[in-house]
Amino acid sequence: MRTEPILEIKGLRTVFRVRGREIAAVNGIDLVVHAGETVALVGESGSGKSVTSLSVMRLLARGIGAIDAGEMLFRGKDGTVRDLAALGEEEMRRIRGNDIGMVFQEPMTSLNPVYSIGDQISESLRVHRGTGRSTALEAAVALLDKVGIPDARRRAGQYPHELSGGMRQRATIAMALACDPTLLIADEPTTALDVTIQAQILDLLQGLQRERGMGVLFVTHNLGVVAEIADRVAVMYAGRIVECGPVAEVFRNPRHPYTLGLLNSMPRLGAASAMKRAGEKLNAIPGMVPSLADMPAGCAFAPRCGFAIEACRQNIPALESVAAGHGSRCIRWQEIAR
Amino acid sequence: MTPLLSVRGLAKHYQTRSTTLKILEDISFDVFRGKVVGLVGESGSGKTTIGRSVLRLIEPTAGEVRFDGTDITKLSSAEMRRRRPRMQYIFQDPYASLSPRMTIGEILTEGLKIQGIGSRAERLERAKTALEQVELPADAIHRYAHEFSGGQRQRIGIARALTLAPEFIVADEPVSALDVSIQAQVINLLRDLQQRLGLTMLFISHDLAVVEYICDRVIVLYLGRIMEIAASEDLYARPEHPYTRALMSAIPSPDPEAKRGREILKGDIPSPANPPSGCVFRTRCPSALDACATAAPQLREVRPGHFKACIRDDL
């Protein structure tokens with residue numbers, strides 16, 4: 001694995017203006033994605049994981065969401081490093097779909113229903129590289145073949161509604177990879193898919209990444225998917241990264257009560273019968289995620305946390321280093337263990 | 001003991017201009033009193049169609065649905081309405097299934113009102129009791145659905161099913177729209193309620209891990225046909241059908257150590273307009289033989305209480 005960072009997010013803060021009030025959906029996060037590695041951003045609804053990926057792509061709804069602070073240093077294909085937070089729309093447009101590929105959750109909404117699959121994939125080649133129409137279409141057919149769509153030439157002439165959900169997601173992946181990006185941002189790319197199709201898509205993404213050495217920022221709510229696909233993981237809660245580190249290390253040895261709670265609340269295949277016999281229950285995390293408009297003082301997780309003490313409600317804990325490359329935003333991390 | 005729900009030869013076909021879509025074919029199973037039976041499968045497997053058919057929210061094309069001894073497919077709508085309080089439905093989407101214009105009190109008492117049960121005050125009392133059962137404060141009755149989180153709304157959906165004191169509940173993906181920490185809360189709640197109230201349930205889910213926590217028996221569906229039925233303990237310990245095995249193997253495990261050799265099924269689920277001949281799973285099955293294309297395999301008992309629809313015994 002190479003070690004040069006493709007994306008380096010420093011102190012990113014993204015705010016939304018809602019009824020005259022300013023709400024921070026992402027509140028000071030640091031994150032690095034290196035070439036050839038997959039970094040998973042995991043969290044529940046409202047944790048800020050998708051807002052982080054939208055911030056990197058600069059796709060926040062204008063006038064509503066805005067980057068308030070921080071930098072996002074991105075190394076493009078030509079090797080130059082630029083701060084995405086400071087770029088104008090024109091420059092961003094040259095980067096999106098060219099240096100940064102994007103795959104979203106719902107392939108039916110990210111594809112245009114009135115253009116053929118082949119047209120949509122070749123569009124980015126025509127726009128970013130000035131490739132001629134017929135050459136671009138040939139490239140699109142090759143890409144469709146590459147992402148495992150059988151009978152690629154015929155499929156290229158079809159429209160999104162003629163493809164299954166899994167095939168559509170393969171097509172959006174082909175679209176994202178058309179210009180050979182250095183960074184792929186995949187936001188819940190398998191969430192809308194059936195589990196046997198999800199397995200196919202994860203396998204495809206892993207293969208393509210290994211082959212091309214892209215950095216991948218993978219946004220998901222599914223810890224199983226994280227364990228499957230990522231090298232490193234950042235767990236988000238209420239707009240902050242509460243724990244980060246290598247996946248095997250974080251999952252084996254979680255040092256934040258929220259990560260621990262998430263891992264414990266997941267139903268595990270084949271584990272329930274023994275639990276039922278023993279009269280045990282799933283370890284749910286009590287309460288719910290606080291509203292971003294009404295955040296508790298101190299640690300945002302404290303109201304739901306079994307480890308919380310008075311000090312947790314005073315100050316927002318810093319991200320402390322607990323091991324090499326492993327950080328936890330909990331003042332009691334030394335007492336947290338699986 | 002006779003089952004509370006007994007389904008025999010259930011089928012549902014939809015006629016389009018050009019073809020017949022066979023959404024369900026030859027579905028037979030029993031649900032005994034106080035037990036929870038899970039229906040699992042991917043999109044298009046027919047699990048929701050079964051759930052709706054057994055409550056006659058849609059009309060089956062063929063087959064019998066015996067509820068407490070009576071074939072309800074033959075009942076008039078008035079007779080059906082009299083039985084509805086005994087059978088209730090919990091929906092997947094806690095946002096779409098609660099009216100934004102009704103207070104929670106109105107939502108919870110609507111069924112009682114339609115059934116002509118109790119006075120206004122008594123109905124409100126029952127609504128409050130139901131809220132207590134799902135661990136929500138009684139003052140929720142004055143509020144509207146948008147004031148609640150997804151997990152709370154799903155509790156309201158459960159409370160609505162409980163106000164009529166049903167014996168039988170169809171829960172259709174009741175935790176699929178919820179975040180994992182909240183999902184665990186609602187799974188625990190459903191299990192508690194089921195045991196405390198002695199409810200009989202048909203639990204529909206695409207998630208085999210969730211089903212295991214709730215269900216006594218599990219039915220695995222694929223393209224509108226039953227692939228396997230077994231007690232949940234037996235099914236998870238020793239799955240017999242190649243589809244069940246593939247489905248289990250496809251679930252990503254949160255243990256990074258457990259990266260076992262995953263079996264990835266090729267291809268897509270076929271269209272119900274043009275299902276494969278013989279076994280409907282054979283086009284994606286890693287163990288298919290030529291014989292699988294000739295006849296649809298019948299469910300047969302491979303161990304006491306464990307049935308599979310697969311001709312191979314050598315896997």
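Biologist: How close do the axes of helix 7 of chain A and helix 8 of chain A come, and at what angle do they cross?

Modeller: Please keep in mind that this is a predicted model. As a general idea, a pair of packed helices is described by two quantities, the angle between the axes and the distance between them. Here, the axes of helix 7 of chain A and helix 8 of chain A come within 10 Å and cross at roughly 15°. Angles under 35 degrees count as roughly parallel, and helix 7 of chain A and helix 8 of chain A are therefore roughly parallel to each other. The crossing of helix 7 of chain A with helix 8 of chain A is right-handed.

Biologist: Which residues of helix 7 of chain A and helix 8 of chain A meet?

Modeller: Helix 7 of chain A contributes A:Gly166, A:Gln169, A:Arg170, A:Ile173 and A:Leu177. Their partners in helix 8 of chain A are A:Ile197, A:Gln200, A:Ile201, A:Leu204, A:Leu205, A:Leu208 and A:Arg212. By class, the residues in this contact of helix 7 of chain A with helix 8 of chain A comprise seven nonpolar, three polar and two charged.

Biologist: At what angle does helix 4 of chain A pack with helix 7 of chain A, and how far apart are their axes?

Modeller: Helix 4 (residues 117-129) of chain A and helix 7 (residues 165-177) of chain A have axes 8 Å apart, at an angle of about 20°. These two helices, helix 4 of chain A and helix 7 of chain A, are therefore roughly parallel to each other, and their crossing is right-handed. On the side of helix 4 of chain A, the contact is made by A:Ile117, A:Gln120, A:Ile121 and A:Ser124; on the side of helix 7 of chain A, it is made by A:Ala171, A:Ala174 and A:Met175. The residues of this contact of helix 4 of chain A with helix 7 of chain A are five nonpolar, two polar and no charged.

Biologist: Let us turn to chain B. What are the angle and the axis distance for helix 3 of chain B and helix 5 of chain B?

Modeller: Helix 3 (residues 104-114) of chain B packs with helix 5 (residues 150-162) of chain B at an angle of about 30°, and their axes are 8 Å apart. That angle makes helix 3 of chain B roughly parallel to helix 5 of chain B. The crossing of helix 3 of chain B and helix 5 of chain B is right-handed. B:Ile104, B:Ile107 and B:Leu108 of helix 3 of chain B make the contact with B:Ile156, B:Ala159 and B:Arg160 of helix 5 of chain B. Five nonpolar residues, no polar residues and one charged residue make up the contact of helix 3 of chain B with helix 5 of chain B.

Biologist: How many disulfides are found over all chains?

Modeller: One examines the distances between cysteine sulfurs, with a pair needing to lie within 2.5 Å. A search of the whole structure finds zero disulfides. For A:Cys330, the closest cysteine sulfur, in A:Cys312, is 6.2 Å away, too far for a bond. B:Cys279 is likewise in no disulfide, with the sulfur of B:Cys292, the nearest, 6.1 Å away.

Biologist: Are A:Cys330 and B:Cys279 buried or exposed?

Modeller: A residue under 20% relative accessible area is read as buried. A:Cys330 is buried at 7%, and B:Cys279 is buried at 10% relative accessibility.

Biologist: Which residue of chain A has a positive phi although it is not a glycine?

Modeller: A:Glu188 has a positive phi of about 50°. A:Glu188 lies in the loop between strand 7 (183-187) and helix 8 of chain A, and at 7% relative accessibility it counts as buried. In chain B, B:Glu173 also has a positive phi of about 50° without being a glycine. The place of B:Glu173 is the loop between strand 7 (168-172) and helix 6 (180-197) of chain B, and B:Glu173 is buried at 7% relative accessibility.

Biologist: Where does B:Thr49 lie, and with which residues is it in contact beyond its neighbours within four places in sequence?

Modeller: B:Thr49 belongs to helix 1 (residues 47-54) of chain B and counts as buried at 14% relative accessibility. Beyond those neighbours, B:Thr49 is in contact with B:Lys12, B:Ile23, B:Leu24 and B:Ile58.

Technical notes:
Residues are numbered from 1 along each chain as its sequence is written. Chains are lettered from A and ligands numbered from 1 in the order in which they are written. This is a predicted model: local features need pLDDT of at least 70, side-chain atom pairs count only at pLDDT 80 or more; totals for chains, interfaces and linings use all residues. Side-chain values use heavy atoms; hydrogens and water are left out. Buried means under 20% relative accessible area, exposed over 50%, partly exposed in between (1.4 Å probe, protein chains only). Axes are lines fitted to C-alpha atoms, for helices over the stretch in contact, and angles run from 0 to 180 degrees between N-to-C directions. Helices (H or I, at least four residues) and strands (E, at least two) are DSSP runs, numbered from the N terminus. Angles under 35 degrees count as roughly parallel, over 145 as roughly antiparallel, 65 to 115 as roughly perpendicular and the rest as oblique. A crossing is left-handed if the near helix is turned anticlockwise from the far one by less than a right angle, and right-handed if clockwise. Contact means heavy atoms within 4.5 Å. Ala, Val, Leu, Ile, Met, Phe, Trp, Tyr, Cys and Pro count as nonpolar, Asp, Glu, Lys and Arg as charged, and the others, Gly among them, as polar.
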